[in-house]
Amino acid sequence: MSDVRQVLREANAEAVHRMLAAEPVLIDVVAAADAIPELGEGMILHAGPPISWERMCGPMRGAVAGIAVFEGWANDLDAAAALAAQGAFQFRPNHDFAAVGPMTGMTTASQPVVVVENQASGNRAFCTINEGLGKVMRFGGNDASVLTRLAWLRDVLGPALGTALRSSKGIELKSLVARGLTMGDEMHQRNVACSSLLLRSLAAALASTCGDRAILTRILSFIASNDQFFLNIAMAMGKAITDPVRDIKGASVVTAMSRNGTDFGIRVSGLGDEWFTAPVEMPDGLYFPGFSALDANPDMGDSTIVETIGLGGFAMAAAPAVAGFVGAGAPSDAAHITHTMREITLTENPEWTIPALDYQGVPTAIDIRRVVETGIAPMINTGIAHREPGVGQVGAGVVRAPLACFESALWALGKRLGVT
Amino acid sequence: MGVGKATGCDMSVVFNQVRTGVFLDSVVLMRISRELADLEGIEEAALMIGTPSNLAILERAGLLSELGRQAGGGDLVLAVRARDAATAEVAATEAERALERPSRTGSQAETWQPRTLRSACSVMTDANFALVSVPGDFAAAEARKALRLGLHVMIFSDNVPLEEEVALKREAAEAGLLVMGPDCGTVIIGGVPLAFANQVSRGDIGLIGASGTGIQEVSSLITRLGGGVSHALGVGGRDLSDAVGGSSTFAALKLLNNDPGTRHVVLISKPPSTAVAKSILTEVAASDKTFSICFIGAAPLSVPSNATLLRTLKAAAEHAVGTSINAVAKEWGDGSVLPGAGRSRIVGLFCGGTLAAEAQVVFIDEAVSVASNAPIPGVSQLVAASHHVLVDLGDDSYTRGRPHPMIDPTVREGELVRALGDPTVAVVLLDVVIGHGAHVNPASAIARVLCKASPDRPVVIASVTGTKRDPQDRDAQASILRDAGVLMAPTNADAARLALTCLSLID
Amino acid sequence: MSKTSELPPGQSPLRVKDTPVSLIQGSPRVINVGLSGFAEALAAQGVAVIQVDWSPPARGDADLATLLSKLSD
C-alpha cells in the first residue's frame, strides 16, 4: 500500500476512534465571558464561517444590533447598526472559541452558555440557551421583548440551571440522546423527547437548589414549553465531540459544518482550521400558513454540528414524521435518507442506534472523499427563518451542504498530502 | 437546464437541452432516443451523457449546438435535429415525459438501492462477483474498486484503455481474482447465464472465450449436441495480446483445471500473439483435462497431445461432445432455391463478431475470396468495390452511439433492405443470436423486412445461435424465419457453407 | 491487506487476500453496476443479485476522479 493510502487510513481510523470514544456530559451553565475569556467589549461571536457586516443577511444584522443594545454597547438598534457598519465590533465565528450557536448564533460576554465537557478528552464546548419559539434573537428578533427575555435568561434561568447542574455530577448526554433516538427525535428538527428527558433529569436538582417557588415555576414552564430546548445542548455536545477530532494529519473526516446565512463552511480534520466555503443553498420544505418560499432566509446556523456527528438529517430514519413535515417526501423516504448518508460516512455509531433500521447505528464521520466521489451532499434538517429580521421561523425543511465545499477541501487535502 | 439552438442544413433546426445531475444507463437512453427519433418531423435525436467521446459523436452527427458543446461528463444532453422549432419543442416535451417516468415501480420503489459497490458489499456480504457495464470511461475505476473489495469482476463495458486492462489484470492476478473482459459479453457460471448468454445444459465441458458470440454459439451447439457446459468464462478480446499476455486466460485455465466438474475445455479466441500462444499451450500441456482449441483464422500451429486445433466454432463444439451436428440437426434449407440471373455476390450481415469471423474461415477454407470490415488473416479489408463481403455490424465503427444490433434489430434492417434491393447480390447471409439480453424476437424483425421485399430478391440464408430453452425459443425463431422464406442452416458455419453452395449452383 | 479488526466498527469487512472467494463454487452472488436489465434477468432466474444505483464518480469531473483515485485507501 502506498504511503498516502496508509496515512489516510490511519488518520481516519484515529478520527473515527476519537469521535466514537467521546463522553459528553452537561456540567454547568456560566456566563459566556467565564467560559470564553477572550469575550470582551464589542466582541460578537456569530454562527458560520467568518463574515463581515456588509455581507450579513437581514436576520443576522438584526441580531447583531439587538445583542449590541443588550450588552449596552449602543443605545438603540439604529445606533448599534451604525456602529457595526463603522467596524466598531469584532465579529468572529463561534467555532473559533469552542462554541456553537443556532441560526444567527449570537454569543457575547454576558449571555449564559451551557457547558458540555467531553470527559474522554477533557475539552469543553459552549452554546447559548434556547430562547424558545416565535420572535427570538436567533431569528434576528431584537425588540424589547427579545432583550427582556435574554435578560431573564442571563439573570434567572442561566444561574439556576448552573446551580442545579453543579449540585450533581452533570447529565451524561450520549445515553440521553440514545433514548431520544428511540422516541422519535433526530436532535435537529425534533428534540421534544430529549427536551422532556432533560427536564426529567434536572427537575429534582432544580427543585432542591432553587428556593423561590415563583422562579422555579417560571423556569419549569419555560423549559417545558420549548420543544427545541435540547437543541442547543445537542449542539454543544456536537462541538465537544468534534473538537478533539481536529488536526489529525491526513484525515479526511469533516469536523465542522456551519452557515452564516450567506456562506456555508466546512472544516476537515487534516486541514486544521481552514474553512472551505460556498454560497448557502435555499432550504426546500414546508411553510407555516401564510408563508412561502419567497419569505425564506438562506440557510443559517451552527446547528449542522449535529449532522456532523451523525444526527439530524443523518438520523432521519429515527424520526419518520420529520421526513414528511420537512418536505423530504413520504415518511418511508426517511430510511432511504439515512442509508444514503451512510454512503458518505466511514462508520456507524454503535451507541446511537435506530430501531426502525434494525438498530443500525447512525452514519458517522463524514468523509470528504466519499462526498465528492458519490456526489451525495450531506442532508440537513433545518428550520427556515423569515428573511426579514425578527419575524421568526416560517417553516422547516431540508437543505444540502454545497458540494463545492467538499471539492475544494479535497483539492487542499491532495495538495497537503503531496499528490497534486 | 438550458436550451440552445443552431441552424442545421436546409431549414432544419438543431436543438439541445442539458440536464445536470441526471444519469440513466445507456440502454434506457437509447430507448428514449428511438422514441424521439420516431416522432414526426424529427430527423435525428439522441440522449447521451456529455462525455467528450459522446459529444464528438453528437458533433459529427450535426446534433450539437453551443450549449451542448459545454456539457460535461455528469450532464445529460438531449440533442435533436428537427424540421422546425415547434417540432423540436415537441421532442423536448416527450423527452421530459420519458425521463420523468419512474424508473422503479412496484416493490422496487420500496427497496433502497446502494449507490456504491462498497455499500452494496455491506448489504450483500457474501457477494463474490461484480458485473460492470457502466460507460467505458468509468469501467476501469469500478472494476478496481470491485477487486479491492475482493470480488471477481466481469467487465461488459468496451472502450476501456489497454493500459487500464493491463493494470487491472495485474492487480487481479496478485489477489487471485479473475477479470473477465473488458468487452466481455458472455459468461456462464454454474449454469447461470450472465449478460448476453444462453440457457444451456449443464455438463462437464468448460469454455474459455475471448468473445461473446463465440461462447454463445459453442455453448448452444454443445447443448444441442447433447453435451453440457460446466462454466463459460469470458476473458475479453485483447487478453491474448502481447500487452496483456493472456493474464485472464491463465487464471481461467487454472480455475477450470482445479474444477472437478470440468472434464474438457474449449478455448475460443482470435489468433493470439506467438509468444502468448506458446505459454498458453504450455499450460494446456500441463493440464490433465483435454482441450478443443479454436483460434479463429490462425495459421496451423502445433498443439500438445491433450489438445486438438479446430478451424471453426462448430468443429470445436462437435469435437468437445464427440457428436456431429448432422446427427441432431432438424433443418436443412431447400437447396433447390436458386438466386436469379445476374446475381453473383454474397453479402453477410452479422451481429456477432466471432460469427462473422467463422464465416470468413469457411470462405477461406473453400478458397473463396472475401472482404470484411473486421477481416481475419487472409481476408481483405472491405471497400466499396468488394465482391463478397462479410460485415460485422457489432464492430465499434457501427456501434458508436447506436445500440448493438443484437439488442436492436433495426440497426441491421437498413443494411438488409439495401442488400435485398441490390440486383448484384445472390445471397444474403445472416446470424440470428438469441438468449438473455438479446432482442425479444429478432426472427420477426427479419420476417417483417422480407415481407416488404420484392419477390425478385437474393436468397436469404440464416442460422439461429441459441437453444430451445432460451426466452425466444430457438425452434420457434427458426420456424418464423423458415415461414418467411429464409433458408435455415443448423449452425453459423453451415450457413456460410450453404451460401457458397447456393452460389456454386448458379453456374 | 486489511482485516476486520483494523476497520472502524460497522464497516463491511474486506476479503483477506490469501483466500480469494471462489468464483465457481455454488451459484454466483452478483453485484450489478450498470445496465439494470442484467440484474433483472438474473433476479428473474432466482440468482442473488443487487443493483447499484450508479452515477459517474465526482459527477463526471475527470480531474476530481483522478484525484480521488490517488486519495483512495
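Analyst: Helices (H or I, at least four residues) and strands (E, at least two) are DSSP runs, numbered from the N terminus. On that basis the secondary structure of chain C consists of two helices and two strands, and these follow one another along the sequence in the pattern β-α-β-α. The model is a predicted one, in which local features need pLDDT of at least 70, side-chain atom pairs count only at pLDDT 80 or more, and totals for chains, interfaces and linings use all residues. Residues are numbered from 1 along each chain as its sequence is written, while chains are lettered from A and ligands numbered from 1 in the order in which they are written.

A residue is called buried if 20 or more other C-beta atoms lie within 10 Å of its own, exposed if 12 or fewer, and partly exposed in between, with C-beta atoms placed from the backbone. Of the 73 residues in chain C, 40% are buried. Two residues are in contact if their C-beta atoms, again placed from the backbone, lie within 7 Å; among the contacts in chain C with a separation of 6 or more, residues 24 or more positions apart account for 0%.

One backbone detail of chain C deserves attention: C:Ala58, a residue other than glycine, has a positive phi, near 50°. C:Ala58 sits in the loop between strand 2 (48-52) and helix 2 (62-71) of chain C, and with 24 C-beta neighbours inside 10 Å it counts as buried. A:Ala365 belongs to strand 14 (residues 360-366) of chain A and is buried, with 31 other C-beta atoms within 10 Å.

Chain C also touches chain A, in a contact that takes 14 residues from chain C and 22 residues from chain A. On the chain A side, the elements that give two or more residues are helix 1 (3-21), strand 13 (345-354), helix 13 (368-374) and helix 14 (403-416), and helix 1 of chain A gives the most, with six residues. Ala, Val, Leu, Ile, Met, Phe, Trp, Tyr, Cys and Pro count as nonpolar, Asp, Glu, Lys and Arg as charged, and the others, Gly among them, as polar; by these classes the side of chain A that touches chain C has eleven nonpolar, five polar and six charged residues.

For chain B, confidence is the place to begin: pLDDT is the predictor's confidence in each residue, from 0 to 100, and chain B averages 90, with 93% of the residues scoring at least 70. Among the elements of chain B, helix 5 (residues 107-110) has the lowest mean pLDDT (45), and strand 7 (residues 179-180) has the highest (98). Over residues 103-109 of chain B pLDDT stays under 50, and for that stretch the model has two contacts beyond four places in sequence. Finally, the peptide bond from B:Gly181 to B:Pro182 is cis, with omega near 0°, and B:Pro182 lies in the loop between strand 7 and strand 8 (186-189) of chain B.
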